[in-house]
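Thanks for coming, everyone. Please look at the structure on the screen, and I will walk you through a few places in it.

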Amino acid sequence: MKIREFLRNNYLFVAFVLITILFGVLSEGKLFYAGNILNLFQQNMYVFILASGMFICILTGGNTDLSCGSAVCLIGAIAFRMMENGTDGAVAILVMLMIGIIIGAIHGYLIGRFRLPSIIVTLASMSIIRGIANLILGGYTLSVDDEIYLKLFGISKGFPFYFVFVLLSVMAAVYISEFAPLGKHIYALGGNRHSARTSGINEIKIIMFAYIFMGILTAIAAGVVTGRMGIVGPGLGETYAMDAIAACFIGGVSVSGGKGKISGVIMGALLMGVINQGMSIQGLSVNYQNVIKGIILVLAVLSGYLLNREGDKRL
Amino acid sequence: MKKFLKLYSTEVVFAFVSLLFIILTGTEILRPMNITAIFLQNSYIFILATGMAICMTSKENIDISIGSFVCFICAMGGVFMAVTKLSTPVSIILLFILGILWGLLSGYLIAYLKIPAWVTTLSGYLAFRGLGVALINTFSSTGSIVGINESFLKLFSGKIFASNIDSFGPGSLMFCLILAILGILYKFYSLRKEGSRINRSVMIGCILAFIVMSLIGVSFGLTGGVPVSFVWMFIVVAITAIWIERSAEGRRLIMLGANPENARIAGVNVRKAMLMTYVFMAVCATLTGCIVLARFHASSSYAGVNFEMDTIAACAVGGVSLYGGKQKIFKAILGAALIGIINLGLSLIGVDMNWQWIIKGIIIVISVSFDMYLKKDRYE
């Protein structure tokens with residue numbers, strides 16, 4: 001009984017330690033090289049950023065955003081196209097934010113106002129956004145040489161701005177979920193939609209807010225990812241949504257919303273990072289990485305269910 | 001007006017879009033070859049849409065893993081037949097066992113362990129694509145496994161009532177007319193069973209269906225026979241329609257969709273019914289995988305890309321409610337035909353692949369919103 005209790009409270013930490021040790025042993029200690037640890041963080045910044053946004057979306061009642069990976073590609077593509085045509089880096093960044101907000105607002109309006117299922121809306125928008133991004137890229141890979149952009153988002157020497165962006169995104173999610181009155185409303189809506197609505201919580205406003213927040217974070221993730229690589233190509237971000245969703249569920253966020261802590265999500269993102277990095281060091285092909293990620297996604301939800309054994313709202 | 005739209009929205013959209021493409025392609029789309037192509041190239045949408053309509057009968061259920069699963073089945077088919085040289089019947093049985101296993105697993109996770117459908121099938125979406133591509137890459141260096149058994153190809157991609165392309169084959173026309181008459185007789189029979197009269201709209205529908213089927217038959221006759229995939233499609237649709245409308249199991253399913261809580265109280269085994277829908281969906285996906293494998297003559301890593309989008313679009317256009325309830329298989333089929341026409345029409349005009357993605361995404365959003373608009377009072 002005691003072991004079960006301990007596992008229930010700390011299963012994330014236990015899983016993290018076990019998986020880190022597993023990949024540490026498999027890679028013969030290479031995982032713990034300073035370079036690899038820095039890499040681990042830099043290559044998985046997007047997981048932290050997108051997972052923070054996804055967390056808020058899922059909290060509002062199991063709403064998800066499958067399109068964020070494609071949106072990263074689209075936002076990056078538009079910014080790079082603009083800078084290629086001589087637009088100033090600062091303007092491009094503003095445009096990126098605008099697009100993120102617009103995408104989020106459209107999602108939020110369709111899901112909040114019309115009560116459309118988020119899975120269908122974002123699946124459809126994933127297809128739309130990916131199509132537009134490919135049209136803008138025209139099959140080419142774009143690169144960037146704008147100084148401001150690279151300074152702000154790149155990983156060259158100097159002050160690590162990218163770290164600030166990650167920190168800001170996570171802190172914003174912490175503030176919203178832990179301290180802001182809005183956060184209480186989000187939890188209430190996810191916990192029991194009917195009573196939340198009856199007690200006067202504006203559902204449309206909250207879902208709009210969650211998706212606009214997600215859109216802003218998608219724009220930030222686009223900046224950080226494209227800044228690090230310096231290029232945008234077709235196919236960028238295909239598994240990003242999956243990573244973010246998996247991080248949330250590993251972190252113990254309830255699939256139907258209303259339950260979960262940002263600390264768990266951060267832990268989940270870290271775990272996803274270790275898994276991503278460990279698999280890359282092992283030289284596993286992307287295909288097998290996808291298989292493993294798919295299994296992890298189900299296992300994460302399943303373990304949450306088995307450890308809590310709480311009645312779900314679904315029948 | 002609203003009532004009319006509510007009843008016939010799919011038909012109106014279908015007529016409008018068909019007309020649009022007839023004008024845009026300059027009646028090119030009406031040539032026998034192209035009408036055959038709708039069924040040849042898009043048979044997967046019809047079969048998958050039927051499965052998806054069943055799947056969506058119960059609330060919040062959806063399967064987005066089907067495209068990847070089709071790819072996985074193609075890869076496994078290639079491995080069975082081209083690599084390990086199994087005979088055709090054994091391979092087919094093995095493939096369907098795989099399909100049923102995945103259906104049972106996903107259904108168990110969704111119905112019994114209450115993991116939301118989108119999470120379960122999302123992981124399937126990721127895992128099966130990875131597995132399928134990995135298998136193909138392991139056994140071939142060119143990205144496709146070739147050397148599928150002849151008999152398998154015949155069974156899933158050949159033509160029956162084969163005739164010369166230059167001349168007209170009356171067998172195909174006869175076959176389609178018999179199918180049409182059977183369908184109409186079934187419609188009359190079920191109306192009588194329900195005790196309703198054969199009114200004008202039913203008669204118009206039957207006449208239209210007869211005309212369309214004879215046109216299809218003529219096209220098949222002019223292009224060298226009835227594609228086997230069309231026959232498979234018809235079998236799946238017929239079995240599903242009869243299963244849903246005539247069997248107790250199907251009635252339970254509809255009840256579950258209309259109101260899960262009531263269904264449970266009335267003694268329906270809700271979990272088992274939900275599990276069954278996923279098994280059915282997986283079997284449909286397996287059949288689709290076989291057809292796609294036979295059509296390509298090889299297992300390709302591009303098999304099944306975006307099938308889930310096409311299928312969901314077909315269901316959405318066909319007015320299959322995302323919130324469960326009684327689904328009309330016929331409407332899903334009409335939706336599938338619509339997506340088939342859009343696919344073919346866009347490629348005839350020469351529209352870029354990316355535009356096709358954009359258009360289909362927009363179609364889904366608009367038709368789902370429209371469905372919601374019609375039923376606003378019900379779900380608020």
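At what angle do helix α7 (residues 170-194) of chain B and α9(B) pack, and how far apart are their axes? The angle is about 5°, and the axes are 13 Å apart. Before I go on, some ground rules. This is a predicted model, where local features need pLDDT of at least 70, side-chain atom pairs count only at pLDDT 80 or more, and totals for chains, interfaces and linings use all residues. Residues are numbered from 1 along each chain as its sequence is written, chains are lettered from A and ligands numbered from 1 in the order in which they are written, and side-chain values use heavy atoms, with hydrogens and water left out.

Axes here are lines fitted to C-alpha atoms, for helices over the stretch in contact, and angles run from 0 to 180 degrees between N-to-C directions. Under 35 degrees counts as roughly parallel, over 145 as roughly antiparallel, 65 to 115 as roughly perpendicular, and the rest as oblique. Helices (H or I, at least four residues) and strands (E, at least two) are DSSP runs, numbered from the N terminus.

Who meets whom? From α7(B), the residues include B:Phe175, B:Cys176 and B:Leu179. From α9(B), they include B:Phe230, B:Val231 and B:Phe234. Contact means heavy atoms within 4.5 Å. By class, the α7(B) and α9(B) contact has 10 nonpolar, 1 polar and 4 charged residues. For those classes, Ala, Val, Leu, Ile, Met, Phe, Trp, Tyr, Cys and Pro count as nonpolar, Asp, Glu, Lys and Arg as charged, and the others, Gly among them, as polar.

Helix α9(B), residues 228-246, has another partner: helix α6 (residues 150-157) of chain B. These two pack at about 60°, with axes 6 Å apart. That makes α6(B) oblique to α9(B). On the α6(B) side, the contact uses B:Lys154, B:Leu155, B:Phe156 and B:Ser157. On the α9(B) side, B:Val228, B:Ser229 and B:Trp232 take part. This contact counts 4 nonpolar, 2 polar and 1 charged residues.

Now the core. Which residues touch the most other members of the largest nonpolar core? They are A:Phe55, A:Phe249, B:Phe152 and B:Phe230, out of 220 residues. Helix α12 (residues 270-296) of chain B gives the largest share, 15 residues. A nonpolar core is a set of buried Ala, Val, Leu, Ile, Met, Phe, Trp, Tyr and Cys residues joined through side-chain atoms within 4.5 Å. Buried means under 20% relative accessible area, exposed over 50%, partly exposed in between (1.4 Å probe, protein chains only).

Take B:Phe230. Leaving out residues up to four places away in sequence, B:Phe230 touches B:Phe39, B:Cys176, B:Leu179, B:Met213 and B:Phe220.

Next, the rings. How many aromatic pairs are there over all chains? The search finds 24. Rings of Phe, Tyr and Trp (its six-membered ring) pair if their centres lie within 6.5 Å; planes under 30 degrees apart count as stacked, over 60 as edge-to-face and the rest as tilted. A:Phe249 and B:Trp118 have ring centres 6.0 Å apart and planes at 50°, so this pair is tilted. A:Phe249 sits in helix α12 (residues 240-250) of chain A and B:Trp118 in helix α5 (residues 117-139) of chain B, so the pair joins two chains. A:Phe249 is buried at 2% relative accessibility. B:Trp118 is buried too, at 9%.

B:Phe39 and B:Phe220 form an edge-to-face pair, with 5.9 Å between centres and 70° between planes. They lie 181 residues apart, B:Phe39 in helix α2 (residues 32-55) and B:Phe220 in helix α8 (residues 200-222), both of chain B. Both residues are buried. Over in chain A, A:Phe80, A:Tyr149, A:Phe153 and A:Phe165 make one aromatic cluster.

Is A:Asn44 buried or exposed? Buried, at 2% relative accessibility. A:Asn44 is in the loop between α2 (34-43) and α3 (45-59) of chain A. B:Thr311, in helix α13 (residues 307-317) of chain B, is buried at 0%. Beyond four places in sequence, B:Thr311 touches B:Leu48, B:Ala49, B:Met52 and B:Ile66.
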